Amino acid sequence: MVLIYTEAQNGQFKKASLEAITYGHKTAQAMGTQCAAVVIGNADNPASLGQYGASEVITINNPNLGHFDSQTFASAIAQVAQSKNAQVVILPHNSSGKSLAGRLGIKLNAGVVSAANTLPTVEGGSFKVKKNVFAGKAIAEYEIKSAVKILTLSGNSVQPETGGSEATISSMDVDVPASKVTIKETKLQQGDTAPLPEAELVVSAGRGMKGPENWGIIEDLAKAIGATTACSRPVSDIGWRPHHEHVGQTGVAIKPNLYIAAGISGAIQHLAGVNSSKCIVVINKDPEAPFFKAADYGVCADLFEVVPKLTEAIKKAKA
Amino acid sequence: MKILVCISKTPETTAKIAFKDGNTAYDENGVQFIMNPYDEWYALVRAVELKEANGGSVTAINVGPAANDVVIRKALAIGADDAIRVDADPQSAMFVAKQIAAQAQGYDLILTGKETIDYNGSSVGAMVAELLDLPYISYGTNLVIAGTTATITRDIEGGEEISEAGLPLVISAAKGMAEQKIPNMRGIMMAKRKPLNVVPAVAADDLAVATSFSLPSGKSEVKMIDPDNMDELVRLLQEEAKVL
Ligand SMILES: Cc1cc2nc3c(=O)[nH]c(=O)nc-3n(C[C@H](O)[C@H](O)[C@H](O)COP(=O)(O)OP(=O)(O)OC[C@H]3O[C@@H](n4cnc5c(N)ncnc54)[C@H](O)[C@@H]3O)c2cc1C
Ligand SMILES: Nc1ncnc2c1ncn2[C@@H]1O[C@H](COP(=O)(O)O)[C@@H](O)[C@H]1O
């Protein structure tokens, strides 16, 4: 049995959860077993997870699981894993998945590989999986030797695939202590774009922007394609942009389908966080800017002229 | 208040990445090592600030070989009072967490960095918390302690969350929790006299280890686009790259 931890927001399953089910389904097939999803709390239509490959959905409702706390949630998931004899537990590589994975590793005496980005190879008794290390500058293959294996799945590594059928639903009672953490406030960004770690399209800008008052052209471009905005570190350090936009080795690491960088030189620490993007477009007026070496498409020109032109061209193509 | 800060050592951010022994091990030859930035800039500096404000002590802990003493001395120069080095060559997060947990009795607060920038595991903090049966709050960007209560702001996807928990607990530190601090001459001199206790490792299995490494396949040559022809770029993004 391969067990997937899923999460819903406002009733809707998160994309990271659907990716994890597709990944879990394929892993289960390779191991000759089935894939089950665990849902804690409320979600609309849990049976729909069958579409993505879950043959069974286990729902848990317990008053002590009213808000996310890695301690209580890990306890609940471990109980499901044990009662279902899970050989593999898969979680999304996001803030909750990461904090659960380590705890589950200890509870289930299981080896943990975080941010796996390819399907595992299962041969005989051996279980191996790859992940990026050194901020994307290398790939490591890990072998997990324990009976139970825990993986967190790096976002945007697989696309959710539908085609399965409805899943059977069962609810399970778990025994968890009250949470020792209270949530005082949750502030979510307004707006309809995806949060940066999950975004498929990202428009990013750096010190070449000269000042925060010039960001309008970046926001217009982002809006035209429905992208999330990001920035280089110095830009967030000096307060031109909020710190959650900072991408790179010491900021958020992302792997969107498209990363457009304007006025960013492409320092190695910046590249470390973005070089797993599927397609990179660099706009820089300096032909020697190191970022061009990491780009798929480059435009060597003044960004203040090129960015609005690109926005217009996109609007025209979409019209 | 007794604070334990977990510090790890990572290659300097511009270090070349190469492998040896048939691509089974990282080649450390000629590589400069630094304290993991999240551990140094955020976890350690905030711990020192909290000690200065509330009294108590800061202990830095590292699981690693004697070569790591340079990095540990830097932590002492930044303001840790003493340090523990668990003498071992760690191969997995689980091994590291078990070593730290074995030394972590009696602390009110245990801080880690949000992740190491080499293996990017982001798992040691959660493992330590589980081993000690403590709450764990990841990606803290702000930490205030009043009496025995910690108030933490943390990053979540698409926003932030403010939570409260009683001590003791484990927190991982992200950008925002503190500002990088350069050790001064006095700190560096004092660090030489501060205790660095070397202790043997406890038995622990490595359940998941890296067995081979490879480098990503190189990017193909960049295609330069005429700045006056953004229609062409849009066409390529739609038809060739298929990302729009
Ligand atoms: C330990 C460490 C960790 C770091 N972590 C990160 C990290 O996580 N993320 C990160 O981003 N950085 C990080 N850095 C900083 C990094 O080394 C660079 O300093 C930083 O990325 C540079 O930001 P930038 O490209 O915006 O600015 P600059 O390097 O100043 O580049 C500005 C670019 O804009 C171009 N430009 C200027 N005007 C125009 C115009 N009108 N039109 C077009 N182009 C123009 C210039 O040609 C130049 O290439 C780190 C550094 C260290 C030491
Ligand atoms: N060898 C080590 N010694 C002490 N602390 C460590 C070690 N490795 C990791 N840590 C701590 O655990 C955090 C998360 O590491 P990781 O799970 O490897 O990403 C780091 O930021 C450190 O605070």
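Reply: Helix α7 of chain A passes helix α6 of chain B in a right-handed crossing, and this description, like all that follows, refers to a predicted model. The two helices, residues 303-318 of chain A and residues 230-239 of chain B, pack at an angle of about 55°, with their axes 8 Å apart. That angle makes α7(A) oblique to α6(B), because angles from 65 to 115 degrees would count as roughly perpendicular and those under 35 as roughly parallel. On the side of α7(A), the contact is made by V306(A), K309(A), L310(A), A313(A), I314(A), K316(A) and A317(A), which meet M230(B), D231(B), L233(B), V234(B) and Q238(B) of α6(B). Sorted by class, the residues of this contact are eight nonpolar, one polar and three charged.

From α3(A) come K98(A), S99(A), G102(A), R103(A), I106(A) and K107(A), while α4(B) contributes A126(B), M127(B), A129(B), E130(B) and L131(B). The make-up of the contact of α3(A) with α4(B) is five nonpolar, two polar and four charged residues.

Helix α4(B), residues 124-132, also has a partner within chain B, namely helix α3(B), residues 93-103, and these two pack at an angle of about 45°, with their axes 9 Å apart. That makes α3(B) oblique to α4(B), again in a right-handed crossing. Here A93(B), M94(B), V96(B), A97(B), K98(B), I100(B) and A101(B) of α3(B) meet V124(B), M127(B), V128(B), L131(B) and L132(B) of α4(B). The residues of this contact divide into eleven nonpolar, no polar and one charged.

Turning to the ligands, ligand 1 lies between chains A and B and is surrounded by 28 residues, the closest being S232(A), T250(A), S265(A), Q269(A) and N284(A). Side chains of chain A supply polar contacts to ligand 1: a polar side-chain atom of K210(A) is 2.9 Å from a nitrogen atom of the ligand, one of H246(A) is 2.9 Å from an oxygen atom, and one of H270(A) is 2.8 Å from an oxygen atom.

Ligand 2 has 18 residues around it, of which C6(B), D39(B), T116(B), S122(B) and S123(B) are the closest. The backbone takes part in several polar contacts with this ligand: a polar backbone atom of C6(B) is 2.7 Å from an oxygen atom of ligand 2, a backbone N or O atom of T116(B) lies 2.8 Å from an oxygen atom, and a polar backbone atom of V63(B) is 2.9 Å from a nitrogen atom.

Two details of backbone geometry remain, each in a loop. In chain B, the peptide bond from L167(B) to P168(B) is cis, with omega near -5°, and P168(B) belongs to the loop between β11 (159-166) and β12 (169-173). In chain A, N10(A) has a positive phi of about 50° although it is not a glycine, and N10(A) is placed in the loop between β2 (8-9) and β3 (12-13).

Definitions and conventions: Residues numbered from 1 in each chain as written. Chains lettered and ligands numbered in written order. Predicted model: local features only at pLDDT ≥ 70, side-chain atom pairs only at ≥ 80, totals over all residues. Heavy atoms only, no water. Axes fitted to C-alpha atoms, helices over the stretch in contact; angles between N-to-C directions. Helix = DSSP H or I, 4+ residues; strand = E, 2+ residues; numbered from the N terminus. Parallel < 35°, antiparallel > 145°, perpendicular 65-115°, else oblique. Left-handed = near helix turned anticlockwise from the far one by under 90°. Contact = heavy atoms within 4.5 Å. Nonpolar A, V, L, I, M, F, W, Y, C, P; charged D, E, K, R; others polar. Near = heavy atom within 4 Å. Polar contact = N/O pair within 3.5 Å; in protein donor to acceptor, adjacent residues only side chain to side chain.
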